Amino acid sequence: MTRECGTCTLCCKVMGIVELEKPKGVWCDHAVPGRGCAIYDQRPHSCRVFSCLWLLDEGLGEEWKPEKSKLVIVPDNDGKATKVFVDGSSPDAWKREPYYSALLDFMQKCLLEGRLLFINVGSKSGLLLPDANNGWRLEDMGKLQAGDEIRLKRAGHPFATRYEVEIVRRTT
Ligand code: SF4
Ligand code: SF4
């Protein structure tokens, strides 16, 4: 990996950190925005192992650097879902070009491959889906729990496909 975070610190705002009980969408108490982490050597495991997709994929241009795009893309490590965390100060950042067109194309690619694309703003999680009326819709997923399974069912006319979403919650 040759890229570096530099002055970007956006993941320290948009992501939740379990060890610190830090919710999504608020700055970590230890973040020094534009500079880095005040407890870098003692930062939690979640922070140590995290790399956003922009760091990992040099195919994403400089315009996708999170501090510029206001979007932190979390890699699809389990082959099931890619998550885009949007800076709550710019909640519509993902609807700006060149991001908007690229994300809609990516949504179609994900669906063909059986994966999901989430657009998360603050604590809200939305599943991006095609929609016959507007071209897309964000399905509000509420608060998902670990182990939840999301099932999609295609319905409707082939040229006006609508996806219905079912959340299957594990009961123990
Ligand atoms: S969002 Fe990505 S580039 Fe920015 S600080 Fe986090 S890991 Fe680094
Ligand atoms: S502990 Fe440091 S690296 Fe982790 S979220 Fe807070 S500021 Fe960022």
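A nonpolar core is a set of buried Ala, Val, Leu, Ile, Met, Phe, Trp, Tyr and Cys residues joined through side-chain atoms within 4.5 Å; buried means under 20% relative accessible area, exposed over 50%, and partly exposed in between (1.4 Å probe, protein chains only). The views below show a predicted model, in which local features need pLDDT of at least 70 and side-chain atom pairs count only at pLDDT 80 or more, while totals for chains, interfaces and linings use all residues. Residues are numbered from 1 along each chain as its sequence is written, chains are lettered from A and ligands numbered from 1 in the order in which they are written, and side-chain values use heavy atoms, with hydrogens and water left out.

**Figure 1. The largest nonpolar core of the model.** This core has 35 residues, and those with the most contacts inside it are Trp-64, Leu-71, Val-84, Trp-94, Leu-103 and Leu-128. Two or more residues each are given by α3 (53-56), β3 (71-74), β4 (81-86), α5 (99-112), β5 (116-121) and β6 (124-129). Helices (H or I, at least four residues) and strands (E, at least two) are DSSP runs, numbered from the N terminus. Helix α5 supplies the largest share of the core, six residues. Leaving aside residues up to four places away in sequence, Leu-103 touches Trp-64, Leu-71, Val-84, Trp-94, Leu-117, Ile-119 and Leu-128, where contact means heavy atoms within 4.5 Å.

Figure 2. Cys-11 is partly exposed, with a relative accessible area of 26%.

**Figure 3. The surroundings of ligand 2.** Cys-12, Ile-17, Leu-20, Cys-28, His-30, Ala-31, Cys-37, Ile-39, Pro-44 and Cys-47 surround this ligand. Nine of the shell residues are nonpolar, one is polar and none is charged. Cys-47 has a relative accessible area of 27% and is therefore partly exposed. A disulfide is a pair of cysteine sulfur atoms within 2.5 Å, and by this rule the count is zero disulfides.

**Figure 4. Arg-137 and its contacts.** Arg-137 lies in strand β7 (residues 137-140). Its relative accessible area is 12%, so Arg-137 counts as buried. The side chain of Arg-137 makes a polar contact with the side chain of Glu-139 (2.8 Å). Such a contact is a pair of N or O atoms within 3.5 Å; within protein, one must be able to donate a hydrogen and the other to accept it, and residues adjacent in sequence count only if both atoms are side-chain atoms. A polar atom of the Arg-137 side chain also lies 2.7 Å from the backbone oxygen of Tyr-163. Beyond four places away in sequence, Arg-137 touches Leu-127, Leu-128, Leu-129, Pro-130, Asp-131, Arg-162, Tyr-163 and Val-165.

Figure 5. Glu-21, although not a glycine, has a positive phi of about 55°.

Notes. Near = heavy atom within 4 Å. Nonpolar A, V, L, I, M, F, W, Y, C, P; charged D, E, K, R; others polar.
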